Amino acid sequence: MEKTLNIPKHIAIIMDGNGRWAKAKNRPRVFGHKAGADTLRKIVKYCGNIGVEYLTVYAFSTENWKRSQEEVSALMTLFKTYINSERKMLLENKVRFMVSGRKEGVSKNLLDAIEKLENETSKEYKMTLNIAFNYGGRAEIIDAIKKARELDEEITEENFSKFLYNDIPDPELIIRTSGEFRISNFLLWQLAYSEIYITDVYWPDFNEEELDKAIYSYNKRERRFGGRIDDK
Ligand code: IPE
Ligand code: IPE
Ligand code: MG
């Protein structure tokens, strides 16, 4: 990657297409999810190397509970396995691990493992990996309002993010794999002015080169934030 490129501080990714990727290979959906976890490992390392500060990935939505019990439980197990298997890599690469989402419905065992790794990786870090798990954008907005009410604090556009699951800067770039043109309840508040990049590549086939393409595309955009084209 060229030095002169503007690397987004925060990249958000809807990791989609695991099921179709597996189907194309005549394998069960879970096989696709496992391959997806391998892709995530590569992308986390790469983002750290090129200087991305925050990487948010959509791993399980509040709507994904509608899937078969078999798939849901496989995804829960996979996340737990991921926490154990990536611990060393995250610490070595100075990646802070955090999760955004509702706790309801998630097992105590998994919640404990999440909390432990969040604590362990929060001391010294160069990059933050934020996993949206049991996450819904609408749920997050409602939960934020409830939190503000509990604290009896006024809500403004400027302070709203401090009531969200994690108070981190908004993503400059959002990527969705597998060619779907929708947001699927991801980061509804934070995506207000994010640049959108959609690729047909299924998540298990996504790699460093594909991420470069998204960053090149982002570098060609002109972000106007509602201002006029000749304002600059
Ligand atoms: C994304 O892949 C991962 C999750 C939603 C957990 P999908 O499982 O949605 O894969 P497709 O969209 O069915 O191909
Ligand atoms: C969005 O993908 C959620 C995740 C990637 C975790 P889905 O596959 O669940 O979204 P829809 O159903 O295509 O909108
Ligand atoms: Mg999907």
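In the predicted model, ligand 1 sits in the largest pocket. A pocket is an open set of points on a 1 Å grid over the protein atoms alone, with protein on both sides within 12 Å along at least five of seven lines, and a molecule sits in it if more than half of its atoms lie within 2 Å of its grid points. Local features need pLDDT of at least 70 and side-chain atom pairs pLDDT 80 or more, whereas totals for chains, interfaces and linings use all residues. Side-chain values use heavy atoms, without hydrogens and water; residues are numbered from 1 along each chain as its sequence is written, with chains lettered from A and ligands numbered from 1 in the order in which they are written.

Ligand 1 is surrounded by 13 residues (a heavy atom within 4 Å), and the closest are Asp16, Gly19, Arg20, Arg29 and Arg67. The shell comprises three nonpolar, five polar and five charged residues (Asp, Glu, Lys and Arg count as charged; Ala, Val, Leu, Ile, Met, Phe, Trp, Tyr, Cys and Pro as nonpolar; the others, Gly among them, as polar). Helix 1 (18-24), helix 2 (29-50) and helix 3 (69-92) each supply at least two shell residues (helices are DSSP runs of H or I, at least four residues); the largest share, three residues, comes from helix 1.

Oxygen atoms of ligand 1 lie 2.9 Å from a polar side-chain atom of Asp16, 2.9 Å from a backbone N or O atom of Gly19 and 2.8 Å from a polar side-chain atom of Arg29. Taken alone, ligand 1 exposes 380 Å², of which the protein buries 87% (Shrake-Rupley method, 1.4 Å probe).

Key: Polar contact = N/O pair within 3.5 Å; in protein donor to acceptor, adjacent residues only side chain to side chain. 1 Å grid on protein atoms, 1.4 Å probe; cavity = no way out; pocket = protein on both sides within 12 Å on 5 of 7 lines; lining within 4 Å.
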